[in-house]
Amino acid sequence: MSCKIGVLVSGRGSNLKSIIEKSTSSEMNAEVAVVLSDRKEAYALEIAKKEGIEAHYVSPENTNPILTGKAEDNYINILKNHDVDIVCLAGFMRIVKEKIINEFKWKMMNIHPSLLPSFKGLNAQKQALDYGVHFAGATVHFVTGEVDGGPIILQAVVPVYQDDTEDSLSERILEEEHRIYPKAIDLFANNKLKIKDNKVFIEEDNGQ
Ligand code: GRF
């Protein structure tokens, strides 16, 4: 049976788009069941609706960057009503805390545009350029209480060139994001991700 994904978004939705594309091309053993946004004007909502996927703006209730209280309950209830097996944060600009994380323990992933644990938080690509690293990248990780701090599922590396701007580096990283996020979801859907000592181990195919 196909794994049901709930996706939380806030913006343009390019990762959502890549997840939908892979899931509808049968490359992935999962389907997007519902998309929720904390911003009414998020283009991601349009992307989902065009594909016939249920998509809603769910008010964050206040300007607090943390998802809490009634808003948190609303998100949990909708995700549970859709029986989602996994929750994917894809450019969701709110910090999620214990209640929703525990509700979907080891079933919530995030994508971050850096090679974690370097450059957590906002403007990761700018942080990388400012630091002068020669390689940057993207990370898919499980969500735990620490922002951008959960066990790493997949990473991809890209070179940083001397004449890179924030835009050019972001674009190069984004291409990799679109490749590894669906791959991580597919590994989850096929029960290939095992967690031990707070680390993720990927089970190899044994040819059977
Ligand atoms: C991506 O760079 C992702 O890594 C970060 O937010 C951005 C979302 O972009 N968490 P999009 O909305 O998926 O295009």
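Author: Let me begin with Asn 198, which is exposed because its relative accessible area is 53%, and exposed means over 50%. Please keep in mind throughout that this is a predicted model.

Reader: Where is Asn 198 in the fold?

Author: Asn 198 belongs to the loop between β10 (193-196) and β11 (199-202).

Reader: OK, and what about phi of Asn 123?

Author: Phi of Asn 123 is near 55 degrees, again a positive value in a residue other than glycine. Asn 123 lies in the loop between β7 and α5 (124-131), and with a relative accessible area of 48% it is partly exposed.

Reader: Which residues does the cis peptide bond join?

Author: The cis peptide bond joins Leu 116 and Pro 117, with omega at about 15 degrees. Pro 117 is placed in the loop between β7 and α5.

Reader: Switching to the ligand, which residues surround it?

Author: The ligand is surrounded by Arg 12, Gly 13, Ser 14, Asn 15, Gly 91, Ile 111, His 112, Pro 113 and Glu 177. Sorted by class, this shell has two nonpolar, five polar and two charged residues.

Reader: What are the polar distances to its oxygen atoms, for Ser 14, Asn 15 and Glu 177?

Author: For Ser 14, a polar side-chain atom lies 2.5 Å from an oxygen atom of the ligand, while for Asn 15 a backbone N or O atom lies 2.8 Å from a ligand oxygen. In the case of Glu 177, an N or O atom of the side chain is 2.7 Å from an oxygen atom of the ligand.

Reader: How much of the ligand's accessible area does the protein cover?

Author: The protein covers 86% of the 370 Å² of accessible area that the ligand has on its own. The space taken by the ligand is the largest pocket, and the elements giving two or more residues to the shell are α1 (14-24) and β7 (108-112).

Technical notes: Residues are numbered from 1 along each chain as its sequence is written. This is a predicted model: local features need pLDDT of at least 70, side-chain atom pairs count only at pLDDT 80 or more; totals for chains, interfaces and linings use all residues. Side-chain values use heavy atoms; hydrogens and water are left out. A residue is near a molecule or strand if one of its heavy atoms lies within 4 Å of it. A polar contact is a pair of N or O atoms within 3.5 Å; within protein, one must be able to donate a hydrogen and the other to accept it, and residues adjacent in sequence count only if both atoms are side-chain atoms. Accessible areas come from the Shrake-Rupley method with a 1.4 Å probe; for residues, only the protein chains shown count as cover. On a 1 Å grid over the protein atoms alone, a cavity is a set of points where a 1.4 Å probe fits but cannot get out, and a pocket is an open set with protein on both sides within 12 Å along at least five of seven lines; lining residues have an atom within 4 Å of a point. A molecule sits in a cavity or pocket if more than half of its atoms lie within 2 Å of its grid points. Helices (H or I, at least four residues) and strands (E, at least two) are DSSP runs, numbered from the N terminus. Ala, Val, Leu, Ile, Met, Phe, Trp, Tyr, Cys and Pro count as nonpolar, Asp, Glu, Lys and Arg as charged, and the others, Gly among them, as polar. Buried means under 20% relative accessible area, exposed over 50%, partly exposed in between (1.4 Å probe, protein chains only).
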